[in-house]
Structures are given as structure tokens and as C-alpha cells.
Amino acid sequence: MLTAPTSTLLAARTLSRPPALGTRPLPSRVGRYLLFDHVGRGGMADIYLARVETELGGSRRVIVKEVLPKHAENSVFSAMLVAEAKLAAGLSHANVVTVEDLGREGGALYIAMEYVEGFDLRELCRRCSQAGVPLPIEFSLFMVMETLRGLDYAHRKKLVHRDVSPSNVLISFEGEVKICDFGIARANAESELDEETVRGKAGYMSPEHARGGDVDARADVYAAGIILWELLSGRRYYRAAQGEKLIDVARRAEQKPLISRGLPKEKELHNIVYRALEIDREVRYQTAGAMLRDLEAYATRSGQYTSPLRFGEWLMERFGAEIVELRRTRERAAWGLTHKALPRVMLPEGSPIPPPVAPVEIRKTGTFAKVAIARKAKATARAWVAYLLAVAAATVMAIWCALSTGSG
Ligand SMILES: Nc1ncnc2c1ncn2[C@@H]1O[C@H](COP(=O)(O)OP(=O)(O)OP(=O)(O)O)[C@@H](O)[C@H]1O
Ligand SMILES: [Mg+2]
């Protein structure tokens with residue numbers, strides 16, 4: 001199997017943000033959603049895993065992205081975000097994360113979206129690097145092709161992403177690839193967020209975007225080109241020298257050659273990447289679909305066409321233990337929701353109180369069946385210890401009484 005390097009450099013630089021805790025105590029209710037686990041924090045929002053009751057009485061897990069207070073208070077940003085999220089909610093495609101809801105409650109502004117159980121591409125690269133697992137080229141091509149498929153669909157609906165980056169490419173454990181956060185970058189751009197937030201976005205910016213020009217679908221094609229370049233080389237495309245700003249590197253956007261890895265028909269693949277990375281967007285691929293067609297043709301001709309099934313199997317093979325651990329952590333958080341943490345729920349007036357039993361799917365899972373059995377066994381053991389102590393105490397008392405009667 002052909003593989004590409006996923007160097008520590010790529011992983012470390014892509015994961016420089018430290019993990020943060022959410023701003024709310026959990027569990028916590030926002031609108032229809034019961035937030036029970038903090039998944040992460042991006043440049044503008046906290047990401048929570050939440051549960052929502054369905055109309056027929058069941059429940060589903062969703063992601064609630066709560067805009068950080070400093071941005072939610074920015075009226076231009078909020079208005080743009082609402083407008084863009086409404087457009088994004090109209091997208092329905094296997095390679096695009098579905099936006100389900102948009103709401104405001106008190107000062108909080110949030111977007112509810114499909115939960116993709118898995119890693120984002122940045123996280124996948126980090127894990128590959130940490131475990132010394134090379135990422136097979138066929139899966140790198142697959143992830144970029146699936147991203148392009150989602151982008152092409154959105155572009156045909158007249159929506160440009162503007163922030164295509166590894167952290168916005170979500171990979172499910174089933175081997176699906178979905179792009180998230182459509183429209184959010186536009187709200188960022190229009191509302192002149194703080195410099196730190198904007199700077200964090202420069203790594204995958206097209207030169208026209210970095211130079212402050214207008215941005216169209218070809219900027220997303222360029223970002224997909226950077227992602228493919230990085231996956232093939234295991235290095236960051238834009239690298240700032242000491243004291244230099246990454247946005248200035250993006251403005252120059254000097255094209256960097258790819259090193260030969262001995263792949264079949266490699267020149268053909270490199271030409272696709274170079275065409276996506278053309279500084280002049282008139283010379284670049286004009287659509288995500290055009291780049292996708294070339295990549296598909298290359299993958300087929302070079303025998304590197306794969307499927308979500310094979311990708312999912314590979315993920316499970318390589319990261320099975322971590323996948324199970326992640327699922328357990330999330331299930332534990334959901335379990336706590338109904339079993340011990342309820343008093344901490346901040347329920348607004350009139351909200352229905354969640355049922356005091358674990359959701360059916362949790363009660364049925366092996367993990368929780370095992371937890372329940374272990375708890376029952378502990379309780380039984382405790383009862384036995386108490387019983388034996390009582391018997392021993394009674395025996396000691398009886399002997400003591402008999403001895404004191406005899407001696408009296
Ligand atoms: N729908 C989702 N399903 C599962 N995980 C998600 C989902 N959306 C986001 N995440 C996770 O939450 C993390 C943080 O997302 P967020 O979009 O806030 O930040 P980011 O992508 O790192 O930065 P940016 O502010 O540039 O978008 C993501 O990297 C991803 O791992
Ligand atoms: Mg994001």
C-alpha cells in the first residue's frame with residue numbers, strides 16, 4: 001500500500017491550539033438541546049455534544065456550536081452568521097454536515113448540526129503522526145475527492161465556504177468525509193473579528209483572499225489544493241519565517257514543488273495539485289468538479305480508487321482502541337446526564353425535565369450493560385461484607401457474655 005508521510009511538523013503545527021473547556025456547566029439546556037459533553041473550541045465557538053428529543057419520544061445526538069460571547073455580542077457578526085447559516089441549512093449532501101437549527105436564547109447564539117462521530121482531518125494527521133502510522137495515498141486522495149464533491153455541490157448552490165481547512169473536514173468512523181462550517185467564514189470576514197481569529201485562518205487562504213480581494217469558489221479549490229499538497233508531502237504549504245506573518249506568506253503564495261515519492265503516474269497527480277495551486281485564479285481549476293474529475297481519473301488509472309467501506313475498515317484497524325475509548329467517554333457523559341448530574345442542569349422556566357432513565361440505546365450497549373453489572377456486583381459484595389461483620393460482632397458478643405457469666 002502506498003503511503004505518504006504525516007510528519008510531526010504537519011501535525012504539531014496544525015494542532016497548536018490547546019484544548020479548552022466550555023464556558024457552561026454541564027449538562028446544560030439551550031433551546032431544545034441538552035448539552036452534555038464539551039467536544040472542543042474553535043476560533044469562534046464552543047462545540048458541545050447534545051441530546052435532542054424527537055417528536056415520537058426517542059432522542060438523537062447532535063452538535064451544538066455555541067458562538068463565544070465576545071462574537072455573539074457583535075451585532076454585525078451575529079446578523080451575518082444567521083443569514084449564512086440559513087443558506088447553509090438549505091444544503092443537503094452526503095459530503096456536507098447538515099445544519100439542523102439556528103437559535104438564540106438570552107445572549108447565546110447557537111447552531112445545531114449533524115454529529116459526525118469521528119476525527120477531523122487535523123486530528124487524524126496528529127494521530128497518524130503520534131502512532132507512526134503512515135496515511136495511505138489512496139485515503140488521502142479519497143478524503144480530498146470527497147471534500148471536493150461536497151464543495152462542488154455547495155458551489156452549484158452558490159455558496160462558497162471560504163475556510164476550507166483540515167479542521168473543517170470531518171471524518172466519520174464509517175469512512176465518510178463531510179465538510180462543516182459553511183458560511184461561517186463569511187460572517188467572520190464581514191464583521192472584522194479580532195486579529196487572532198483572522199490570523200488563525202491564513203494557513204489555507206488563497207492569495208486573492210489574503211490580499212483582501214473578492215473570493216469565489218476558486219478560493220475553495222485552492223484550499224483543497226493546499227490540503228492535498230500537505231497530505232502528499234507531510235509538511236505545511238505556507239511556512240512563515242521568524243517574525244513573518246502567515247498571512248503575508250499567503251499573500252505571496254509562492255508555488256512549492258512536490259517531492260517525488262515514487263507513486264504511479266506521479267507527474268499526473270502533481271500537475272493536478274499545481275493547477276489547483278495556481279496563483280492566478282483564471283488559470284486554476286475553475287470548479288471543484290473539474291479538479292474532482294481529474295483526481296478521479298488519476299485514482300482510477302493508478303489503481304488507487306477506494307471506498308468509504310475500506311477507509312472505515314482502515315480507521316478501525318489502526319485506531320480501533322482509540323475509537324472505542326472515544327465512544328466510551330461520550331457514552332459515559334450521556335449516562336451521567338440521566339444518572340447523577342441532573343441537579344446541575346440549568347433548565348429554563350417550563351422546560352420538560354429529561355426522563356430519569358438512560359436512553360434506550362445506552363441501556364442496550366455492551367459498555368453500559370457491563371457498567372450496570374459491575375455496579376450490581378459491588379452492591380451485593382457490600383451487603384455480604386455488612387452481613388459477615390454483623391455475624392462476627394454477634395459471635396464475639398455471645399462469647400464475651402458466656403465468658404463473663406462463667407467467671408461470675
Ligand atoms: N458536526 C460535528 N461533528 C463532530 N465534531 C465536530 C463537528 N463540528 C465540529 N466538530 C469538532 O469540533 C472541533 C472544533 O470545531 P470548530 O469549528 O469550532 O473549530 P475549528 O474548526 O478548529 O476552528 P475554526 O474556528 O477555524 O472553524 C472540530 O475540529 C471538530 O473536531
Ligand atoms: Mg470549524
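Visitor: Hi! Which classes of residue make up the shell around ligand 1?
Guide: Hello! The shell around ligand 1 holds eleven nonpolar, five polar and five charged residues. Keep in mind that this is a predicted model.

Visitor: Which residues come nearest to ligand 1?
Guide: There are 21 residues around ligand 1, and the nearest of them are Gly40, Gly42, Gly43, Asp120 and Ser167.

Visitor: And which strands each supply at least two residues of that shell?
Guide: That would be β3 (33–41), β4 (45–53) and β7 (108–114).

Visitor: OK, let's look at β3 and β4. How many bridges do they pair over?
Guide: They pair over seven bridges, in the antiparallel sense. The two strands make a hairpin, with three residues between them.

Visitor: Which residue in β4 is the bridge partner of histidine 38?
Guide: Its partner in β4 is tyrosine 48.

Visitor: How many bridges join β4 to β5?
Guide: β4 is joined to β5 (residues 59–67) by nine bridges, and these strands run antiparallel. One pair to look for is glutamate 53 with its bridge partner in β5, serine 59.

Visitor: Which residue takes a positive phi in the hairpin of β4 and β5?
Guide: Glycine 57 does, with a phi near 105°; that hairpin has five residues between the strands.

Visitor: What order do the six strands of that open sheet have?
Guide: The order is β2-β3-β4-β5-β7-β6, with antiparallel pairing. At the edges are β2 (28–30) and β6 (99–105), each of which pairs on one side only. On average, neighbouring strands in this sheet are turned by 40° against each other, ignoring direction.

Visitor: Which helix lies across β5, β6 and β7?
Guide: Helix α3 (residues 75–88) does, running at about 155° to β6.

Visitor: Changing topic: what is the order of the open sheet of three strands?
Guide: The order there is β8-β10-β11, again with antiparallel pairing. Its edge strands are β8 (118–120) and β11 (177–179), each pairing on one side only. Neighbouring strands of this sheet are turned by 25° against each other on average, direction ignored.

Visitor: How many bridges join β10 to β11?
Guide: Three bridges join β10 (residues 169–172) to β11, and the two run antiparallel.

Visitor: Which strands does helix α4 lie across?
Guide: Helix α4 (residues 121–131) lies across β8 and β10, running at about 95° to β8. Another helix, α5 (residues 137–156), lies across β10 and β11 and runs at about 45° to β11.

Visitor: Which residues of α4 are buried?
Guide: The buried ones are Leu121, Leu124, Cys125, Arg126, Cys128 and Ser129. In general, an α-helix has 3.6 residues a turn, so residues three or four places apart point the same way.

Visitor: What follows α4?
Guide: Glycine 132 follows α4, and the phi of this glycine is positive, near 65°.

Visitor: Now for glycine 234. Where is its place?
Guide: Glycine 234 sits in the loop between α9 (217–233) and α10 (246–252).

Visitor: Why does glycine 234 count as buried?
Guide: Because glycine 234 has 21 C-beta neighbours inside 10 Å, and the cut-off for buried is 20 or more.

Visitor: What distance separates the C-alpha atoms of glycine 234 and serine 129?
Guide: They are separated by 9.5 Å, while the two residues are 105 residues apart along the chain. Serine 129 is one of the buried residues of α4.

Visitor: Zooming out, how many helices and strands does the protein chain have?
Guide: The protein chain has 15 helices and eleven strands. Of its 408 residues, 38% count as buried.

Visitor: What is the mean pLDDT of the protein chain?
Guide: The mean pLDDT is 83, with 80% of the residues reaching 70 or more.

Visitor: Where does pLDDT stay under 50?
Guide: One such stretch is residues 7–19, which have 22 contacts in the model beyond four places in sequence. Over residues 341–373 the pLDDT is also below 50, and that stretch has 36 contacts in the model beyond near neighbours in sequence.

Notes
Residues are numbered from 1 along each chain as its sequence is written. Chains are lettered from A and ligands numbered from 1 in the order in which they are written. This is a predicted model: local features need pLDDT of at least 70, side-chain atom pairs count only at pLDDT 80 or more; totals for chains, interfaces and linings use all residues. Two strands pair if DSSP finds at least two bridges between them. Helices (H or I, at least four residues) and strands (E, at least two) are DSSP runs, numbered from the N terminus. Axes are lines fitted to C-alpha atoms, for helices over the stretch in contact, and angles run from 0 to 180 degrees between N-to-C directions. Two residues are in contact if their C-beta atoms, placed from the backbone, lie within 7 Å. A residue is buried if 20 or more other C-beta atoms lie within 10 Å of its own, exposed if 12 or fewer, and partly exposed in between; C-beta atoms are placed from the backbone. A residue is near a molecule or strand if its C-beta atom, placed from the backbone, lies within 6 Å of it. Ala, Val, Leu, Ile, Met, Phe, Trp, Tyr, Cys and Pro count as nonpolar, Asp, Glu, Lys and Arg as charged, and the others, Gly among them, as polar. pLDDT is the predictor's confidence in each residue, from 0 to 100.
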